[in-house]
Amino acid sequence: MTVHLMRDGWIGVINGRPQVGAVAERSRRTRPEDIDAFADMTGDRNPLHYDKRLAEASVFGKLIVQGGVTSGILNAVVAEDLPGPGSVFLEVSWKFVKAVGVGELITGRVEVKDVRADKPITKLETSVRNEAGDVCLTGTATVFTVPLANG
């Protein structure tokens with residue numbers, strides 16, 4: 001009879017293996033500079049982000065930040081907090097349900113839903129809320145965490 005031992009895929013991961021149910025959050029206030037930085041990176045110069053008159057006359061009623069600025073807070077939560085350093089997105093499924101305006105405080109939240117033991121892969125429930133508590137983004141993400149520590 002051959003016995004196969006499962007290798008622990010989390011050896012060397014700086015924050016170790018996350019636990020199902022673990023939660024991490026980060027908050028920040030959006031700024032006009034976020035719009036400029038994102039546009040410089042991507043070329044997204046939609047008038048809804050720059051033209052106050054047009055934006056205020058739109059369904060949004062205000063200047064809004066690009067969706068990548070809204071979702072970007074989740075990059076920070078994943079890379080810095082949970083699962084932590086070395087983490088990169090493998091897959092995301094996000095629904096943008098409410099636009100985020102310039103000057104709004106947003107909070108990104110991740111909750112661990114599943115953790116593989118053999119590979120450093122985590123499935124997360126994700127959300128971004130504004131300061132009123134309204135959901136702006138909701139969805140899921142699958143994350144791979146590269147072992148960075150000598151383990």
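**Notebook: salt bridges, core and a cis bond**

I began with Glu56, which is partly exposed at a relative accessible area of 43%. I call a residue buried under 20% relative accessible area, exposed over 50% and partly exposed in between, with a 1.4 Å probe and protein chains only. The model is predicted, so I kept local features to pLDDT of at least 70 and side-chain atom pairs to pLDDT 80 or more, while totals for chains, interfaces and linings use all residues. Residues are numbered from 1 along each chain as its sequence is written, and side-chain values use heavy atoms, with hydrogens and water left out.

**Entry 1. Salt bridges**

I searched the whole structure and found 15 salt bridges. The term requires a side-chain nitrogen of Lys or Arg within 4 Å of a carboxyl oxygen of Asp or Glu.

Glu56 pairs with Lys52, with the closest N and O atoms 3.8 Å apart. I place both residues in helix 3 (residues 52–57), four residues apart, about one turn of the helix. Helices here are DSSP runs (H or I, at least four residues), as are strands (E, at least two), and both are numbered from the N terminus. Lys52 counts as exposed, at 52% relative accessibility.

I then looked at Asp40 and Arg45, whose side chains meet in a salt bridge at 3.3 Å, N to O. Asp40 is exposed at 61% relative accessibility, and Arg45 is partly exposed at 48%.

The next pair I noted is Lys113 with Glu125, closest N and O atoms 3.7 Å apart. This pair links distant parts of the chain, with Lys113 in strand 3 and Glu125 in strand 4, 12 residues apart. Lys113 has a relative accessible area of 42% and is partly exposed; Glu125 is partly exposed as well, at 37%. I also find that a network of salt bridges links these two with Glu25, Arg109 and Glu111.

**Entry 2. Nonpolar core**

Which residues touch the most other members of the largest nonpolar core? I list Leu74, Val110, Leu124 and Val128, out of 22 residues. At least two core residues come from each of helix 1 (32–42), helix 4 (67–81), strand 3 (105–115), strand 4 (121–130) and strand 5 (135–145). Helix 4 gives the most, with five residues. For the record, such a core is a set of buried Ala, Val, Leu, Ile, Met, Phe, Trp, Tyr and Cys residues joined through side-chain atoms within 4.5 Å. In soluble globular proteins, nonpolar side chains tend to be buried together.

I took contacts as heavy atoms within 4.5 Å. Leaving aside neighbours within four places in sequence, the contacts of Val110 include Ala22, Val23, Ala24, Leu74, Leu124 and Glu125.

Ile73 lies in helix 4 and is buried, at 6% relative accessible area. Not counting residues up to four places away in sequence, I find that Ile73 touches Arg26, Ser27, Arg28, Ile106, Thr107, Gly108 and Val128. Glu25 is 48 residues from Ile73 in sequence and 9.2 Å away in space, C-alpha to C-alpha.

Ser127 sits in strand 4 and is buried at 13%. Beyond four places in sequence, I find Ser127 in contact with Leu74, Thr107, Gly108, Arg109, Leu137 and Thr138.

Gly139 belongs to strand 5 and is buried at 15%.

**Entry 3. Aromatic pair**

I searched the whole structure for aromatic pairs and found one. The rings of Phe89 and Trp94 have centres 5.6 Å apart and planes at 90 degrees, so I log the pair as edge-to-face. Rings of Phe, Tyr and Trp (its six-membered ring) pair if their centres lie within 6.5 Å; planes under 30 degrees apart count as stacked, over 60 as edge-to-face and the rest as tilted. Phe89 is partly exposed at 26%, as is Trp94 at 21%.

**Entry 4. Cis peptide bond**

What kind of peptide bond joins Leu82 and Pro83? I recorded a cis bond, with omega about 5 degrees. Pro83 is in the loop between helix 4 and strand 2 (87–96). Most peptide bonds are trans.
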